[in-house]
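Please keep the sequence and the coordinates side by side while reading.

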Amino acid sequence: MKCQYSTHGTCSRSISYDIDPKSHIVGSIVFTGGCNGNLKGIAAMAEGLRAEDIIPRLKGICCGVKPTSCPDQLATALEESLAQLNQG
């Protein structure tokens, strides 16, 4: 399933990714905007893992004085995707 998430409170503007509806394996993560090298690194480390394993690792990470970060926004996006998958 292809997903697109508009980020809130970060330098990146959006995150696109794929999530397998059965295994919940995440792939093809691309951040638009933000710190290019750091976000490519986060994407590379998260790809191939289950959303349930990524979320607790990234949830709650802050960027400076901001209450969120690009990794935290990825966790939020994945939570929303899992909620959608569990509904249908």
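Which residues of H2 are buried? In this predicted model, the buried residues of H2 are Ala51, Ile54, Ile55 and Leu58. Because they cover an arc of only 100° around the axis, these residues lie on the same side of H2. Pro56 and Arg57, on the other side of H2, are exposed. The cover over the buried residues of H2 includes E2, E3, H1 and H3. After H2 comes Gly60, which has a positive phi, near 90°.

The packing of H2 against H3 may be considered next. Two packed helices are described by the angle between their axes and by the distance between those axes. For H2 and H3, the axes come within 8 Å and cross at roughly 145°, and the crossing is left-handed. H2 contributes Ala51, Glu52, Ile54, Ile55 and Leu58 to the contact, while H3 contributes Pro71, Asp72, Leu74, Ala75, Leu78, Glu79 and Leu82. By residue class, the contact of H2 with H3 comprises nine nonpolar residues, three charged residues and no polar ones.

In soluble globular proteins, nonpolar side chains tend to be buried together. The largest nonpolar core of this model has 22 residues, of which Tyr17, Ile19, Val26, Ile29, Leu74 and Leu78 touch the most other members. Two or more residues are supplied to this core by each of strand E1 (2-6), strand E2 (12-19), strand E3 (26-33), helix H1 (36-46), helix H2 (51-58) and helix H3 (70-87). H3 provides the largest share, seven residues.

Apart from neighbours within four places in sequence, Ile29 is in contact with Ile15, Ser16, Tyr17, Ala43, Ala46, Glu47 and Leu74.

Neighbours within four places in sequence aside, Ser6 is in contact with Arg13 and Ser14. Ser6 and Leu74 are 68 residues apart along the chain, and their C-alpha atoms are separated by 10 Å.

How values were computed
Residues numbered from 1 in each chain as written. Predicted model: local features only at pLDDT ≥ 70, side-chain atom pairs only at ≥ 80, totals over all residues. Heavy atoms only, no water. Core = buried A, V, L, I, M, F, W, Y, C linked by side-chain atoms within 4.5 Å. Buried < 20%, exposed > 50% of the residue type's maximum accessible area, 1.4 Å probe, protein only. Helix = DSSP H or I, 4+ residues; strand = E, 2+ residues; numbered from the N terminus. Contact = heavy atoms within 4.5 Å. Axes fitted to C-alpha atoms, helices over the stretch in contact; angles between N-to-C directions. Left-handed = near helix turned anticlockwise from the far one by under 90°. Nonpolar A, V, L, I, M, F, W, Y, C, P; charged D, E, K, R; others polar. Arc of directions from axis to C-beta.
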